[in-house]
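The structure comes first, then the details.

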Amino acid sequence: MKAFNHVNAKSLAEVKTALADGKTNLIAGGTDLLGTLKDNILPTYPLTLINIKTVPGLDYIKEEGGMLKIGAATRMADIAADSKVKKSYAALAQAASRVATPHVRDMGTLGGNIAQLHRCWYFRKPEDRFECTRKGGKTCFAMTGDNRYHSIFGAVNGCIAVHPSDTAPALIALNANVVTDRRTIEAEKFFDVQKPGNTVLAVDEIIREIQIPAPPAGAKSAFIKFAFRKSIDFPIVNCAVMVGGGAPRICLNAVAPKPYRATKAEAAIAGKAINEANAEAAGAAAVADARPLEAAKFKVQIAKTLVKRALLAAV
Ligand SMILES: Cc1cc2nc3c(=O)[nH]c(=O)nc-3n(C[C@H](O)[C@H](O)[C@H](O)COP(=O)(O)OP(=O)(O)OC[C@H]3O[C@@H](n4cnc5c(N)ncnc54)[C@H](O)[C@@H]3O)c2cc1C
Ligand code: SF4
């Protein structure tokens, strides 16, 4: 790893000023960022890392003004263990509890979880070996290479890498907003395919808080993840749902370059009892538009099954 300066920020203003030079990266838990730096996978390398975890008042979980508010620097472990989150926002508690390992959950923050980079192995090849589309090149190496864990819903901007976050679909199912230092963004509109980022954030924009409206009376939520190992593995597919007390919300992740709102599944289950047959039909509707490459076809059945199981788990 090349050398860089490390600064413990005392305020958001200090973070903002530092980011303005274009040569500084924001670091939270570092569980994603440090890997990208150690492997030197990106075309540019920061001169300075500015640590947001030392900014006072960014690590909290509270209910206020009819919503749950979570500071951007709140750790996965704290979200998974919080009684308020477990009681009323179960999908998020369950998602946070399935991220990686206890060590990563003790370090990794919610802001970092939703702003993390994708895991495409061509993109992540050490020493920036593949100048792929997401790095400004002209080729997606996964398109003709090994794409078994890639998108089943096609490419966005020439890239078929999937979004890897476990908390992202839970936040979208729960209708959350991401509050930055300059605006409030619906969770569903927060994710994008950039070179190389995965969000709509400007380079000097800082996530301050996640806000989740209190679920409507009678609503229940659930999250389910399929990974090859119970611990440490990223999702092959995950799914979060919120049903009851309003229109159903269903979101898959790791199936497309952005979290995938399964609107056809929502329409299929809307107004119906959640039972085995209806949940199965919703699962089938969720993957009706899937167009997987050959090696990723197995993910279609997993996505279909997770939608069904998440619906049944919520009630
Ligand atoms: C072995 C391993 C397994 C993992 N498994 C999973 C998994 O199963 N599921 C999963 O979802 N993730 C997984 N991760 C990915 C990731 O490390 C964690 O999700 C973690 O939550 C990231 O948070 P962080 O605070 O460490 O982020 P960092 O590494 O500090 O930051 C990641 C990115 O987010 C940006 N960022 C962080 N905070 C902010 C903010 N407040 N405002 C603007 N930008 C910000 C940083 O600049 C950086 O670009 C895994 C990582 C490892 C190393
Ligand atoms: S899938 Fe995306 S990140 Fe992976 S090689 Fe193709 S363009 Fe690059």
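Which side chain meets Asp-128 in a salt bridge? The partner is Lys-135, with an N to O distance of 3.0 Å. This is a predicted model, so each value here is computed from predicted coordinates.

**Salt bridges**

The count for the structure comes to 21 salt bridges.

| Pair | N to O distance |
|---|---|
| Asp-128 and Lys-135 | 3.0 Å |
| Arg-148 and Asp-146 | 2.5 Å |
| Glu-205 and Arg-183 | 2.7 Å |

How do these residues sit relative to the surface? Take Asp-128 and Lys-135. Asp-128 has a relative accessible area of 25% and is partly exposed. Lys-135 is at 9%. That value is under 20%, so Lys-135 counts as buried.

In the second pair, both partners are partly exposed: Arg-148 stands at 35% relative accessibility, and Asp-146 at 24%.

Glu-205 is buried, because its relative accessible area is 5%, under the 20% cut-off. Arg-183 is partly exposed at 36%.

Salt bridges also join into a network, which links Lys-16, Asp-181, Arg-182 and Asp-204.

**Pocket and cavity**

The second largest pocket has a volume of about 370 Å³. It is lined by 17 residues, and the closest to its centre are Arg-119, Tyr-149, Phe-234, Pro-235 and Ile-236. By class, this lining holds eleven nonpolar, two polar and four charged residues.

How many cavities of 30 Å³ or more does a search of the whole structure find? The search returns one. The largest cavity has a volume of about 80 Å³. Its lining is made of 16 residues. Nearest the centre lie Cys-120, Cys-132, Cys-140, Phe-141 and Cys-159. The cavity lining divides into ten nonpolar, five polar and one charged residues.

**Surface patch**

Phe-226, Phe-228 and Phe-298 form a nonpolar patch on the surface. Together the three have about 270 Å² of accessible area. Phe-298 belongs to helix H13 (residues 298-314).

How values were computed:
Residues numbered from 1 in each chain as written. Chains lettered and ligands numbered in written order. Predicted model: local features only at pLDDT ≥ 70, side-chain atom pairs only at ≥ 80, totals over all residues. Heavy atoms only, no water. Patch = residues over 30% accessible without salt bridge, like charges linked within 9 Å, V, L, I, M, F, W, Y side chains within 5 Å. Areas by Shrake-Rupley, 256 points an atom, 1.4 Å probe, with all protein chains shown as cover. Salt bridge = Lys/Arg side-chain N within 4 Å of Asp/Glu carboxyl O. Helix = DSSP H or I, 4+ residues; strand = E, 2+ residues; numbered from the N terminus. 1 Å grid on protein atoms, 1.4 Å probe; cavity = no way out; pocket = protein on both sides within 12 Å on 5 of 7 lines; lining within 4 Å. Points joined across faces, edges and corners; volume = space filled by probe spheres on them. Nonpolar A, V, L, I, M, F, W, Y, C, P; charged D, E, K, R; others polar. Buried < 20%, exposed > 50% of the residue type's maximum accessible area, 1.4 Å probe, protein only.
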